[in-house]
Amino acid sequence: MAPRGRKPKAKNEQDSTEYEKNRFIILPNALTKDKSTDLQLIKLRHPQTSELAIFVYSEKDKNLAQMRSLPFSHRSFFKGNKLIPIDRIDFVTLVDPLFLFLPYFIKCSSMFSPLDQILVDEHLPELNNLLMKLSELTNLNQVATRKEIGDLILWKYNENSTLEWLTPKIDKVAKVLVTQQINVNQNAAISSSFKLCETSIHSTDEQYKRYAYDIISEYLHSDIQKSLLKHLGLPEIVESNKRKADENRDVNKKVKHNKDEYDEMPHKVEKIVTPKLTAKDKALKKAATGTKSISSFFKKSS
């Protein structure tokens, strides 16, 4: 009798429950002060990639934060006398909603438009109402020009205002890097656990500013990144990110084949060595001089 089949569905549900238990979430203080806060997990488009990302939204506290997850395996931590395993760590960091609005404003930058016609997601219309709610948390005048015509309020993207709004953020991040003594050398690992050593203690303001620029640029489109770099007075440098360089090289490079795979293998030409004639061979050769070959007797006479 064949053994009974197992029910993978029930097992998967159990594994999923255990997986959820082993998630470790790190929240900022702004989202943990009030235990009765209404935290919601929502999906919005990332301002740099336009891909959907997970955000934490509190309508009551008027806060928006992004959740980034890092998978872990065979990790744990102590809580009192308990050993708690960790399968995933979720980092939740506050985000200014204006970063999320920039792609929408840039897309409609050719003319003044009502806000409800700017914050529109054509592929995900269910996000439109949410975007309008988030607009109440920000000062749109920092990235756009406002124009009133009667009772109608129109907006248009303003690049100069946007760059002026981003510059203090760069300076603030750079100041934190200096205070925390973060190593900003090009060969340094991107981690707060790496402190400044004596050889890098004299890092220039440009190095700190560029490092801060790289952090802020994670939420900016490539076009804004170039304008911001010029606005900050930072010179353009060759892309140092090895992964991006490899991606570009994979797209542009031509496939090169080994010529030996298609060419025939060269044949070794051996030199023909004529054997040295002995005295007997020379005598036979001399005796055969003037004689006819046997095939000549079978030729048809003319």
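Where is the place of Ser50? Take me from there to whatever connects with it.

Modeller: This is a predicted model, in which local features need pLDDT of at least 70, side-chain atom pairs count only at pLDDT 80 or more, and totals for chains, interfaces and linings use all residues. Residues are numbered from 1 along each chain as its sequence is written, and side-chain values use heavy atoms, with hydrogens and water left out.

Ser50 sits in the loop between strand 2 (39–45) and strand 3 (52–58). Helices (H or I, at least four residues) and strands (E, at least two) are DSSP runs, numbered from the N terminus. The backbone of Ser50 stands out: phi is near 65°, a positive value in a residue other than glycine. Ser50 is partly exposed, with a relative accessible area of 37%. The classes are buried (under 20% relative accessible area), exposed (over 50%) and partly exposed (in between), with a 1.4 Å probe and protein chains only.

Gln181 belongs to the loop between helix 5 and helix 6. It is partly exposed, at 44% relative accessible area.

At 10% relative accessibility, His46 counts as buried. Neighbours within four places in sequence aside, His46 is in contact (heavy atoms within 4.5 Å) with Glu51, Ala53, Gln66, Glu218 and Tyr219.

Ser50, Arg45, Pro103, Tyr104 and Lys107 lie nearest the centre of the second largest pocket, which 15 residues line. A pocket is an open set of points on a 1 Å grid over the protein atoms alone, where a 1.4 Å probe fits, with protein on both sides within 12 Å along at least five of seven lines; lining residues have an atom within 4 Å of a point. The volume of this pocket is about 290 Å³. That volume is the space filled by probe spheres set on the points, which are joined across faces, edges and corners.

By class, it holds 6 nonpolar, 4 polar and 5 charged residues. Ala, Val, Leu, Ile, Met, Phe, Trp, Tyr, Cys and Pro count as nonpolar, Asp, Glu, Lys and Arg as charged, and the others, Gly among them, as polar. Helix 2 (residues 97–107) gives the most to this lining, with 5 residues.

Start with helix 4 (residues 128–135). Its buried residues are Asn128, Leu130, Leu131, Leu134 and Ser135. They cover an arc of only 160° around the axis, which puts them on the same side of helix 4. The arc is that of the directions from the helix axis to the C-beta atoms. These buried residues pack against helix 2, strand 2, strand 3, strand 4 and helix 3 (115–118).

Helix 7 (residues 222–231) comes next. Ile224, Gln225, Leu228 and Leu229 are its buried residues. Their arc is only 135° around the axis, which puts them on the same side of helix 7. An α-helix has 3.6 residues a turn, so residues three or four places apart point the same way. The face of helix 7 turned away from its buried side carries the exposed residues Lys226 and Lys230. Cover for the buried residues includes helix 2, strand 8 (152–157), helix 5 (159–179) and helix 6 (205–216). Just after helix 7, Gly233 takes a positive phi of about 75°.

Strand 4 (residues 63–79) deserves a word as well, as one of the elements that helix 4 packs against. Ala65 lies in strand 4 and is buried, with a relative accessible area of 0%. Beyond its neighbours within four places in sequence, Ala65 is in contact with Leu31, Phe55, Val56, Val92, Thr93, Leu94 and Val95. His74 is found in strand 4 too, but counts as exposed at 79% relative accessibility.

Finally, the wider setting. The chain has 10 helices and 8 strands. Of its 302 residues, 26% count as buried. Among contacts between residues at least 6 apart in sequence, 56% join residues at least 24 apart.
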